[in-house]
Amino acid sequence: MTTNDLAPVNKIAGKTPSSESRKTFPVLEMSCAACAVSVESMLKSTLGVSDAGVNYANQTAWVAFNPKLVSEVALQQAVRSIGYDLVVEAEDPQRVQAEAQQRHYQQLKRRTLWALGLSLPIVVIGMFLMNWPYGNAISMVLAAVVVFVLGQPFFVNAWKQAKHGKANMDTLVALSTGIAFLFSAFNTFNPAFWHERGLHPHVYFETASVVVTFILLGKLMEERAKSSTSSAIKKLMNLQPKTVRLIDGNTEREIPISAVQVGHQILVRPGERIPVDGKVATGHSFVDESTISGEPVPVEKQGGSFVFAGTINQKGSFQFRAEKVGSDTLLAQIIRMVQEAQGSKAPVQQFVDRIAGIFVPTVLGIALLTFVLWLTFGHYFAPDADPFMTALITSVTVLVIACPCALGLATPTAIMVGVGKGAENNILIKDAESLELAHRINAVVLDKTGTITEGKPVVTDLKWLSPESDHTRLQGILHSMESRSEHPLAAAVASFLSGTESVTLDTFESLTGQGVRATYQQVTYLIGNRRLMDDSQIQLATSLVEQVAAWQNEAKTVVFFARTGLEREAEILGVIAITDPVKPTSKQAVQTLKSRGIAVYMLTGDNAQTAAAVARQVGIEQVESEMMPTDKANFVKQLQAKGKLIAMVGDGINDSQALAQADVSIAMGKGSDIAMDVARMTLITADLNSIPKALQLSGQTVQVIRQNLFWAFIYNVIGIPVAAGVLYPAFGFLLNPMIAGAAMALSSVSVVSNSLRLRGM
């Protein structure tokens, strides 16, 4: 593997529009999906921001903005004004976010433990010592600490939201627990108010404190579970060592990896990970590059070889010159691409976001309606109960049980785990949309060269048809022409003729889909396929046609070398047979796809005989040969017109048009930069078995998303009416607010836990 091999991966990892800047920032202090909607709305309304998106699950926001109109600090101030924070101007934003999340987790843990400890006596008093003279006073003091001290963030965030005319889950918690506490405090100080009306002054201190405790406990469990969804990123980050051995003259010293600069000489010993990208200066070794390339065979490294951060030195030690450090290394760019993919939104998420945006105001309306209905008509359904008490408790329960968190976590947590799982299996997914769509694919179109085959063609036969005395001169022309061509077959010929003395060509022209043409000493030479020969009206002798057919039946590609422009008739000078071995796993991958009912097609610019021979080897019946780039795109379009959902797999520039046309485009990791730029997925391995794996991963991710959404919706669809008391007229059942609080906490935890199942699939 060389730098050139991996340059395309760099390209797909870090695109930035030229007209504006697009950056991803960690977001702090978000507590629910509605918070993400608020932050996104605030960013989008900021002058100079053209678009923005917020992922609640991984707590990040991407912003497309014009730096001339708005600075990063201004973006931060806009987000801070509604109670959240944006991490900007940090040397390592991910580290800052990780440290902030750790502090938040520890703080949440302390609050939860204190809330549990203080709520226990309140519950004991409320259930077993109701008539104790000092019971209400003691409960009020303890509950005040739980609700207003330990639950302070709910009230602070709710107030910040209210100042901007917004509401979120904190609003629901603050309203429900605050109302329950204030009502109970009023009854504690003024019991005569109810006694004079013949009613008992109920208090709900245990309800307010236990609801806060359960919600804190649920958020603690949610934070712990969410941190597991980014385990793939953490594994990638851990591939890079923290320190390096710097060679400075004759001395050796250990320095932090953040201090490494381009040009530093670095020593790597056996068993150590390579810290940054660079070129070997001295020494010799074998390096395990499977974490980057997916290839299990160690790669030999010697003077001039490129090495990459995160790979493992196996034998021997060597020194190398650092050429790419920090965010410029290949590993850092792969991490960035995975993070961006995890932060992208699947189409279904846009629907969920719209619901989350109107969810809290709707719940507030339902709670108010519940209170009014019970206060007005409660005496019809519950003659023995006090209408005000019933109206209060049911409206508070509605506020407590309604939770947009599970709804907001349903899709992003599944996408995060799915993208991370793909990265662990050498499948780089560029966006959530392709991951969501891939499982519906019912036809896969494969390019031949470099996709089904190794993409490393070698010359097996060279047959000269010209006099032997001309061979040396013609060989020089042939080598010069093929050395200037970018086609993989040309590289095979140039390699085969290495050592041949080249000539200086007068002109050179690449003929897309046919070959190349050049002039040398006023004579025109052609190298290419049969179509080029036919278009140039160059005849093939019968014996040559038979020889070519025999080679093509052996899956060899035949290239013709001819000349024109002489007074005599154009002629074939030589013919070359080139073979490109089929990958060992290609047949198995094709069979796996077919066994799942997926139609498999092969497209190639090669001739029909060679294409048919390769197709036979891997078991593909539907083959199209001698196709130009536009033909491939049109073929994909025709299949789509028949109702097929197409995945196009290719590696060359000539596949780019078809990749762009396909519903899901998949590029091979060692292919051209243009192909990978266009593709939505990239396989960092030569193994085609990654294609069925990618489709299977898509199916499993979508299945988990559906399960999450079902439980999130059904929870609220059933929970809110029950909390409002719809079962009371028929069954006399009212939901206890404490049970509602526990159910709300568990709903978020169950959604995140369900997403984490993807890691074991």
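Which residues does S209 touch, not counting residues up to four places away in sequence? The legends below start with that residue in a predicted model.

View 1. Residues up to four places away in sequence aside, S209 touches S119, I122, A143, V146 and V147. The relative accessible area of S209 is 0%, so this residue counts as buried.

View 2. With a relative accessible area of 2%, T177 is buried. Its contacts, apart from neighbours within four places in sequence, are V147, F155, A208, V211 and V212. V147 is in contact with T177 and is also touched by S209.

**View 3. Helix α23 and its packing partners.** Helix α23 runs over residues 608-618, and its buried residues are T610, A611, A613, V614, A615 and V618. These buried residues pack against the helices α17 (448-452), α21 (542-553) and α22 (586-595), and against the strands β20 (556-564), β22 (599-603) and β23 (622-624). After α23 comes G619, with a positive phi near 85 degrees.

**View 4. Residues 1-17, where pLDDT stays under 50.** For this stretch the model has 42 contacts beyond four places in sequence. Where pLDDT is low, the predicted coordinates should not be read in detail. For the chain, the average pLDDT is 82, and 88% of the residues score at least 70.

Technical notes:
Residues numbered from 1 in each chain as written. Predicted model: local features only at pLDDT ≥ 70, side-chain atom pairs only at ≥ 80, totals over all residues. Heavy atoms only, no water. pLDDT = per-residue confidence, 0-100. Contact = heavy atoms within 4.5 Å. Buried < 20%, exposed > 50% of the residue type's maximum accessible area, 1.4 Å probe, protein only. Helix = DSSP H or I, 4+ residues; strand = E, 2+ residues; numbered from the N terminus.
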